[in-house]
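Me: Please show me the structure, and let us then work through its contacts by question and answer.

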Amino acid sequence: MVDVIKKGALLLMNQKCYDNYFLDYNFLDVPCFKALLSKGLGIAIIAGSVLVKVPQVLKILNSKSGDGINLLGVMLDLLAITFHMSYNFMNGYPFSSWGDNTFLALQTVAIAALVLFFGGRKLQSFLFLIAYAALLYVLNSGLTTMKVLLTIQSCNIPILLVGKLSQALTNYKAGSTGQLSAATVIMMFAGSLARIFTSIQETGDQMIIITFCASTFANGVILAQLLYYWDKPVPGAAKKEAAKVKKPKSKKDD
């Protein structure tokens with residue numbers, strides 16, 4: 001039983017911290033606490049990422065529409081997530097520091113494909129999935145050098161900002177956040193904020209840390225819009241609703 005507990009604990013901390021906590025009973029060790037907190041946050045973020053964009057996917061499926069969702073923004077967001085995931089994977093960084101990107105990528109692919117599909121571009125939706133699978137292979141099979149991956153990762157910040165802020169611009173022009181899911185927006189903001197801390201603790205990679213700072217800012221802008229437009233009527237919604245309930249006039253008898 002003790003061995004099982006030890007193996008489980010060592011998944012969250014190194015041997016030194018294990019000895020501090022369980023042998024020396026030194027619970028005030030700050031570096032070990034920060035490392036444990038970072039690891040715990042990383043695992044929690046990965047667990048949350050499994051469902052973080054599912055509300056958005058379900059909202060599109062239920063409405064059979066991608067209205068209000070900026071496809072360019074989704075595509076750029078997907079590129080940023082994919083480049084970040086590949087850079088971390090090929091560098092051999094701990095899965096707890098980037099594993100959420102795996103699930104975010106899958107869900108973002110689903111969102112992009114659904115927006116294309118319900119937008120009447122079914123063939124493009126299928127071709128997009130094939131092209132993305134090919135991109136994953138090229139980035140993660142060793143065909144792409146680390147130098148190129150580093151360059152791509154450095155491009156993540158402008159890609160991410162343009163992608164997220166293009167969605168913000170779409171929201172501003174529409175005067176609404178459309179089919180954006182509140183749950184997804186909130187979780188994306190919280191996750192990127194927490195990732196700043198875990199990246200500092202587990203990788204120390206300045207490029208990754210700056211990327212998450214930019215991501216937090218961009219997600220914060222969209223969250224602020226979500227709150228601002230929350231109780232505001234969608235422009236044109238009243239007219240559309242009136243058109244639906246309006247009954248055709250009956251013909252008068254001769």
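Reply: A salt bridge is a side-chain nitrogen of Lys or Arg within 4 Å of a carboxyl oxygen of Asp or Glu. This is a predicted model, in which local features need pLDDT of at least 70, side-chain atom pairs count only at pLDDT 80 or more, and totals for chains, interfaces and linings use all residues. Residues are numbered from 1 along each chain as its sequence is written, and side-chain values use heavy atoms, with hydrogens and water left out.

Me: Which residues are linked in a network of salt bridges?
Reply: Lys 53 pairs with Asp 77, their closest N and O atoms being 3.0 Å apart. Asp 77 also forms a salt bridge with Lys 164, where the closest N and O atoms are 3.7 Å apart. The network therefore consists of linked salt bridges, and its members are Lys 53, Asp 77 and Lys 164.

Me: How many residues apart in sequence are the parts that Lys 164 and Asp 77 tie together?
Reply: Helices (H or I, at least four residues) and strands (E, at least two) are DSSP runs, numbered from the N terminus. Lys 164 forms its salt bridge with Asp 77. Because Lys 164 lies in helix α9 and Asp 77 in helix α5, the pair ties together parts whose separation in sequence is 87 residues.

Me: Are Lys 53 and Asp 77 buried or exposed?
Reply: Buried means under 20% relative accessible area, exposed over 50%, and partly exposed in between (1.4 Å probe, protein chains only). Lys 53 forms a salt bridge with Asp 77, and the pair links distant parts of the chain, with Lys 53 in the loop between α3 and α4 and Asp 77 in helix α5. Both Lys 53 and Asp 77 are buried.

Me: Which residue meets Arg 195 in a salt bridge?
Reply: The search of the whole structure finds three salt bridges. In the one formed by Arg 195, the N to O distance is 2.7 Å. Arg 195 is in helix α10 and its partner in helix α6, so parts 95 residues apart in sequence are tied together. Both side chains are buried, and the partner of Arg 195 is Asp 100.

Me: Which element gives the largest share of the lining of the second largest pocket?
Reply: On a 1 Å grid over the protein atoms alone, a pocket is an open set of points where a 1.4 Å probe fits, with protein on both sides within 12 Å along at least five of seven lines; lining residues have an atom within 4 Å of a point. The second largest pocket is lined by 24 residues, and Asp 100, Leu 104, Met 188, Gly 191 and Ser 192 lie nearest its centre. Among the elements that give two or more residues to this lining are α6 (100–118) and α11 (206–228). The largest share, six residues, comes from α10.

Me: Which cysteine does the disulfide join to Cys 17?
Reply: A disulfide is a pair of cysteine sulfur atoms within 2.5 Å, and the structure holds one. Cys 17 lies in helix α2 (residues 15–22), and its partner in helix α3 (residues 30–49), 15 residues away. Both cysteines are buried. With an S to S distance of 2.1 Å, the partner of Cys 17 is Cys 32.

Me: Why is the disulfide of Cys 17 and Cys 32 described by a hand, and which hand is it?
Reply: The description rests on the torsion about the S-S bond of Cys 17 and Cys 32. That torsion is about -90°, so the disulfide is left-handed.

Me: How far is the sulfur of Cys 155 from the closest cysteine sulfur?
Reply: Cys 155 is partly exposed, at 35% relative accessibility. Cys 213 is in no disulfide, and Cys 213 is partly exposed too, with a relative accessible area of 40%. The sulfur of Cys 155 has its closest cysteine sulfur in Cys 213, too far for a bond, at 18 Å.

Me: Where is Lys 64, the residue with a positive phi?
Reply: Most residues other than glycine have a negative phi. Lys 64 has a positive phi of about 55° although it is not a glycine. Lys 64 counts as exposed, at 57% relative accessibility. Its place is in the loop between α4 (54–63) and α5 (71–91).
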